[in-house]
Amino acid sequence: MPDISQSQTNISVGLHDLERGLLSSLTTLPCCVFFCINVIMLFTLRSKSVFRETCRYILLYNLILADTLQMAVSQILYMMSICRITLPYPVCGILVMFANLTNEISPLTLVLMSLERYVAVCYPLRHATIITIRNTEVAIIMIWIFCSLNILIRVLLLLEFPFEELQSLQMKRYVCNTFLMFLTPVSHEYDKAYSCFLFVSAFVGVTCSYIGVMLAARLASTDKASARKARNTLLLHLVQLGFSLSSTVNNALLLVISKAVSNRVSVLIQNVLYVLLFILPRCLSALIYGLRDQTIRPILVYNLCCQLKRLAVTAKAKIYP
């Protein structure tokens, strides 16, 4: 599956040290801000028993955790590309496989969150017996196992490549991404088939849940306010899934752009797309749910303010020791 590291292709070609430093700063700054927001959101979701014992918050924690890990790995790969650090193929493979793993967790978790809302609206009397903490934890574990099996299959496909014929396992390029792991045609075809299956399944799951909630909202026995809120939540899930899908067209966009503009402009656009298509969507879950949810919002705002105040005090102490 294409992942966020792919936007780094040729990112350091034709750039001077000053330009690379400027680009890395402009890209790293929003990444650090979004990463801090996600970490504070993760802390918030573990700070109160109401979050630890409510199924939808457990699913939200899993979603943000996967997004945060994906963001961290992507930035590591990006900085390695900017700093022109070459890696051995095994190290690059481990980083790419981990990035793929976390990238696949998000759409499947969105499906679970959509199904949870569907059951809450359409089967409110059975919601407490179907959506239990134990069932939620089992579903999350199954998602991680399923995605891990996909990674294992990718590794087995890589073993077909004759590595012993290489003079060295050290990569010759500065960029470490999924494409470098397509060492055999079978790996490439498997990646396309799996990506298509994953996102089509996720889209069908979220869409069917949305349609079910819409139909339930027309029934007189359904809580209209609850159905409307669930419908809006499912729409947000579709938007989040759309952002995940948008990252898969990144390479096609870069290919068209590289043919139409100069190398410098192309690299600048790559950085902009990297932030908009890969980094920003990884923070949307924390922002959307942190601001919409009446239970999370006051605690999240309090934690954010505390962190900002702590940073301000630390900075002032360094300036005026």
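Predicted model: local features only at pLDDT ≥ 70, side-chain atom pairs only at ≥ 80, totals over all residues.
Residues are numbered from 1 along each chain as its sequence is written, and side-chain values use heavy atoms, with hydrogens and water left out.

Me: What makes up the secondary structure of the chain?
Reply: The chain has 12 helices and 0 strands. Helices (H or I, at least four residues) and strands (E, at least two) are DSSP runs, numbered from the N terminus.

Me: Why does Ser106 count as buried?
Reply: Buried means under 20% relative accessible area, exposed over 50%, partly exposed in between (1.4 Å probe, protein chains only). Ser106 has 3% relative accessibility, so Ser106 counts as buried. Its place is in helix H4 (residues 89-122).

Me: Which residues is Ser106 in contact with, leaving aside its neighbours within four places in sequence?
Reply: They are Leu63, Ala66, Asp67 and Arg282. Contact means heavy atoms within 4.5 Å.

Me: What makes Asp67 and Arg282 a salt bridge?
Reply: A salt bridge is a side-chain nitrogen of Lys or Arg within 4 Å of a carboxyl oxygen of Asp or Glu. In this pair, the closest N and O atoms are 3.1 Å apart. Asp67 lies in helix H3 and Arg282 in helix H11, so the pair ties together parts 215 residues apart in sequence. Both residues are buried.

Me: How do the axes of helix H3 and helix H11 meet?
Reply: The axes of H3 (residues 55-82) and H11 (residues 281-292) come within 8 Å and cross at roughly 145 degrees. Axes are lines fitted to C-alpha atoms, for helices over the stretch in contact, and angles run from 0 to 180 degrees between N-to-C directions. Residues making the contact include Asp67 of H3 and Arg282 of H11.

Me: What makes Glu104 and Arg154 a salt bridge?
Reply: Their side chains meet at 3.6 Å, N to O. Glu104 lies in helix H4 and Arg154 in helix H6 (residues 133-158), so this pair ties together parts 50 residues apart in sequence.

Me: Why do Glu104 and Arg154 count as buried?
Reply: Glu104 has 0% relative accessibility, so Glu104 counts as buried. Arg154 counts as buried because its value is 6%.

Me: How many salt bridges does the structure hold?
Reply: The structure holds 3. One of them joins Glu116 and Arg117, with the closest N and O atoms 2.8 Å apart. Glu116 and Arg117 are both buried.
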